[in-house]
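Hello,

Here is the structure for you to look through. My notes follow below it.

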Amino acid sequence: MRIDFEIPDQLPTLNEYISAERANRYMAAKMKRETQEFIMWHLPKLRKPIETHVYVYFLWIRKDARADKDNVAFAKKYILDAMQERGIIKRDSWKLVTPYDRGFMVNKTNPRTVVTVSTERIDDWN
């Protein structure tokens, strides 16, 4: 089983989350909630959650290369939590989900995050 979807625009980075948390502890929680709600609009609808182990691959396409890759990849937390809340995955535990970063790219006119969920490991992206 394989599911592909895209989330348009850029998701908040770790540094943006930390800044919100330092400004006001409620701002970070609001940022996480609003980001997850935005992501859920772009998730596919499934009849029932995938209950077996899945591999989740992220391709991060940003407007520019200003943010460090590890700060950008922090957004997988938002995506996995939204997938769990929507009922795509049962839980995002070690036993059920293995996340991978496929890569990082720059596209000034069409930044987005491309997500692939697969029950089998994908080694060849050709």
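The backbone oxygen of Asn-110 lies 2.6 Å from a polar atom of the Arg-112 side chain. The model is predicted, so local features need pLDDT of at least 70 and side-chain atom pairs pLDDT 80 or more, while totals for chains, interfaces and linings use all residues. Residues are numbered from 1 along each chain as its sequence is written, and side-chain values use heavy atoms, with hydrogens and water left out.

Arg-112 also has a polar contact of 3.4 Å, side chain to side chain, with Glu-6. (A polar contact is a pair of N or O atoms within 3.5 Å; within protein, one must be able to donate a hydrogen and the other to accept it, and residues adjacent in sequence count only if both atoms are side-chain atoms.)

Is Arg-112 buried or exposed? Its relative accessibility is 16%, so Arg-112 counts as buried. (Buried means under 20% relative accessible area, exposed over 50%, partly exposed in between, with a 1.4 Å probe and protein chains only.)

Arg-112 lies in strand S4. (Strands are DSSP runs of E, at least two residues, numbered from the N terminus.) Opposite Arg-112 stands Ile-61. S4 (residues 112-118) runs antiparallel to S2, with 7 bridges. S2 is also joined to S3 (residues 97-106), in parallel, by 9 bridges. There, Tyr-57 has Tyr-100 as its bridge partner.

Now S2 itself, residues 54-62. Of its 9 residues, 9 are buried, so S2 is largely enclosed by the rest of the structure. Val-54, Val-56, Phe-58, Trp-60 and Arg-62 point one way. Tyr-55, Tyr-57, Leu-59 and Ile-61 point the other way.

Best wishes

Technical notes. Helices (H or I, at least four residues) and strands (E, at least two) are DSSP runs, numbered from the N terminus. Two strands pair if DSSP finds at least two bridges between them.
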